[in-house]
Structure formats: C-alpha cells, structure tokens
Amino acid sequence: MRELLAEQGIESVSGLTLDIGVSSMQLDRADRGFSFQADGPLDMTMSQAGMNAADFLNEAAEEDIADVIYRYGDEPRSRRVARAIVMARPLERTGQLASVVRRALGHKPHDKKDPATRTFQAIRIHVNRELEELERGLEAAEALLEEGGRLAIVTFHSLEDRIVKQFLRNRSGGEGGGSRHMPEKQASAAPTFAKPAKAVRASEAELARNPRARSATLRSAIRTAAPVSSSSSARSAHP
Ligand SMILES: C[S@@+](CC[C@H](N)C(=O)[O-])C[C@H]1O[C@@H](n2cnc3c(N)ncnc32)[C@H](O)[C@@H]1O
C-alpha cells in the first residue's frame with residue numbers, strides 16, 4: 001500500500017483500517033472455492049491469480065501439505081489428511097476435498113465443527129500468503145501513519161491476532177514480539193506506537209445479529225512521532 005499511495009502522491013495518512021481475511025461475499029460464492037459447505041472449483045485465491053488450491057494440493061510434496069495444514073490450520077492429524085489428499089489426486093473441487101478430509105478424520109453428523117474447517121483455512125492462508133501480507137501491511141502502516149494517526153485492525157483467527165498483538169507490543173516499547181518474518185525493533189528505537197488499546201471482541205448483541213463476528217478481534221493503537229527504525233523501514237520500503 002505504500003507504493004500504491006505514493007503513486008497518488010500520498011506519503012502519509014491519519015487513519016488506517018485493515019479488515020483482514022476472507023469476506024462473506026467470497027465465502028458465499030461457491031465458484032470462488034473458499035467454502036467446504038458448497039461445491040465449487042478448488043480456487044481459494046483472493047486475487048483470482050497465481051497458484052490456486054488445486055495447484056498446491058495436486059503438486060506439492062505430501063510433507064509440505066502436512067506442514068501447511070499443521071502450521072496454518074492447527075490440525076493435529078495433518079499427516080493423515082495430507083496422506084489422504086495425495087491418495088485422492090487429482091483434486092479439482094471443494095466438495096471432493098471436503099469429503100476426503102472428513103473420511104480421513106471421521107465425521108459424525110452432529111459434529112459441532114466440520115472436520116474440513118482447519119484444512120480449508122490452512123490452504124487458504126498458504127495460497128494467499130496471508131500472514132506474510134499481514135506482516136508487510138503492518139510495517140507499511142507504521143511507515144504511512146502520521147503522528148497521532150490511528151491504526152485499527154480486525155482479525156479473525158489466533159494466528160493473525162498473535163501477529164498484530166506482537167507487532168503492536170514490539171512497536172510500543174513492549175518486550176519480545178518479533179516474529180520469524182519481522183525484524184525485532186532495535187532496542188534503542190523509540191516506540192512508534194503508543195500503548196495499544198485493549199483488544200475489543202463482539203458483544204452478545206452483535207453476536208446475536210452476526211454470528212460470523214464470533215472470532216473477530218479489533219486491536220488499535222495511535223502512532224507516535226518516532227521515526228520508523230532503520231531495520232523496519234528498510235524492510236517495508238522494499239518487501
Ligand atoms: C474480511 S474481508 C473485508 C470485508 C469488508 N470490510 C466488508 O465489511 O465487507 C477482507 C477483504 O480483503 C481482501 N484481501 C485479502 N488479502 C488482501 C491483501 N493482501 N491486500 C488487499 N486486500 C486483501 C479480501 O479479498 C477480502 O475481500
């Protein structure tokens with residue numbers, strides 16, 4: 001977004017909101033291939049370009065598929081799912097993938113959570129490089145916000161929320177918080193964000209109106225006048 005805004009002659013902004021992840025519009029359209037509830041082409045790409053879910057599942061090594069499902073889906077039986085996926089190749093449809101995962105993990109009709117949920121989330125995050133994009137978005141936000149500018153981010157699962165929480169803690173003088181992708185703030189660097197506000201989650205009233213808000217978390221912070229530390233600025237300027 002820094003480059004895109006610069007093309008419009010915009011060097012800084014006073015407010016920045018990120019509403020992360022997949023949209024209801026995408027989930028509800030079977031032809032986008034995000035949902036395990038409706039059969040559609042195994043796509044899952046947000047930009048509808050590049051490697052899609054079918055490419056990954058039909059070409060990647062079994063252990064890479066298991067690794068992605070474990071890391072991004074927190075699926076303890078990721079190896080069993082990956083084995084079943086490789087055995088069922090070629091996979092072209094979301095309905096096919098959902099039934100392969102359900103058979104591999106066992107699916108009882110009254111299961112509260114569909115066993116395919118974690119695998120679909122994992123493949124989506126991988127195919128769209130969502131966590132890397134989020135980290136780069138956070139660094140660009142740090143560089144773009146003017147003093148007193150406000151950053152507000154809505155995330156939808158713990159992997160995303162952890163990255164945002166660690167980034168804001170790290171950039172507001174809190175300890176730790178570096179991730180394997182993002183450089184630690186130099187200890188000497190002045191905090192670029194004031195102490196973040198307390199995380200906000202959906203109220204009972206909102207959940208009654210919109211059950212999809214159940215896993216949403218809003219985190220926000222105000223930008224200080226401190227410059228972006230050289231190690232961070234180098235990275236966000238040239239991802
Ligand atoms: C949760 S939805 C936003 C929903 C919207 N705020 C609304 O209320 O209808 C997230 C949107 O961000 C888009 N998106 C995902 N990754 C992105 C990225 N790296 N850069 C820009 N947009 C992205 C998705 O395609 C999706 O449409």
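This is a predicted model: local features need pLDDT of at least 70, side-chain atom pairs count only at pLDDT 80 or more; totals for chains, interfaces and linings use all residues.
Two packed helices are described by the angle between their axes and the distance between the axes. In this structure, helix H8, which spans residues 130-144, packs with helix H9, residues 158-171, at an angle of about 25 degrees, and the two axes lie 10 Å apart. Because angles under 35 degrees count as roughly parallel, H8 and H9 are described as roughly parallel to each other. The crossing in which H8 passes H9 is right-handed. On the side of H8, the residues that take part in the contact are Glu130, Leu131, Leu134, Glu135, Leu138, Glu139 and Glu142, and these meet Leu159, Glu160, Ile163, Val164, Phe167 and Arg171 of H9. Sorted by class, the contact of H8 with H9 contains seven nonpolar and six charged residues, with no polar residues.

A search of the whole structure for aromatic pairs finds two. In one of them, the ring centres of phenylalanine 36 and phenylalanine 120 are 5.4 Å apart and the ring planes stand at 75 degrees, so that the pair is edge-to-face. This pair links distant parts of the chain, since phenylalanine 36 is in the loop between H2 and H3 whereas phenylalanine 120 is in helix H7 (residues 117-127), 84 residues apart. Phenylalanine 36 and phenylalanine 120 are both buried. The rings of phenylalanine 167 and phenylalanine 193 have centres 6.2 Å apart and planes at 65 degrees, and this pair is therefore edge-to-face. Phenylalanine 167 belongs to helix H9 and phenylalanine 193 to the loop between H9 and strand S3 (200-201), so the pair ties together parts that are 26 residues apart in sequence. Phenylalanine 167 and phenylalanine 193 are buried, and Phe167 is also one of the H9 residues that H8 meets.

The backbone was examined as well. Most residues other than glycine have a negative phi, and most peptide bonds are trans. Glutamine 48, although not a glycine, has a positive phi of about 50 degrees, and this residue is found in the loop between helix H2 (24-27) and helix H3 (53-59). With a relative accessible area of 52%, glutamine 48 is exposed. Aspartate 74, also not a glycine, has a positive phi of about 55 degrees and is found in the loop between helix H4 (62-73) and H5. Its relative accessibility is 55%, so aspartate 74 counts as exposed. Finally, the peptide bond from arginine 89 to proline 90 is cis, with omega near 0 degrees, and proline 90 is placed in the loop between helix H5 (78-87) and helix H6 (94-105).

Note on methods: Residues are numbered from 1 along each chain as its sequence is written. Side-chain values use heavy atoms; hydrogens and water are left out. Axes are lines fitted to C-alpha atoms, for helices over the stretch in contact, and angles run from 0 to 180 degrees between N-to-C directions. Helices (H or I, at least four residues) and strands (E, at least two) are DSSP runs, numbered from the N terminus. Angles under 35 degrees count as roughly parallel, over 145 as roughly antiparallel, 65 to 115 as roughly perpendicular and the rest as oblique. A crossing is left-handed if the near helix is turned anticlockwise from the far one by less than a right angle, and right-handed if clockwise. Contact means heavy atoms within 4.5 Å. Ala, Val, Leu, Ile, Met, Phe, Trp, Tyr, Cys and Pro count as nonpolar, Asp, Glu, Lys and Arg as charged, and the others, Gly among them, as polar. Buried means under 20% relative accessible area, exposed over 50%, partly exposed in between (1.4 Å probe, protein chains only). Rings of Phe, Tyr and Trp (its six-membered ring) pair if their centres lie within 6.5 Å; planes under 30 degrees apart count as stacked, over 60 as edge-to-face and the rest as tilted.
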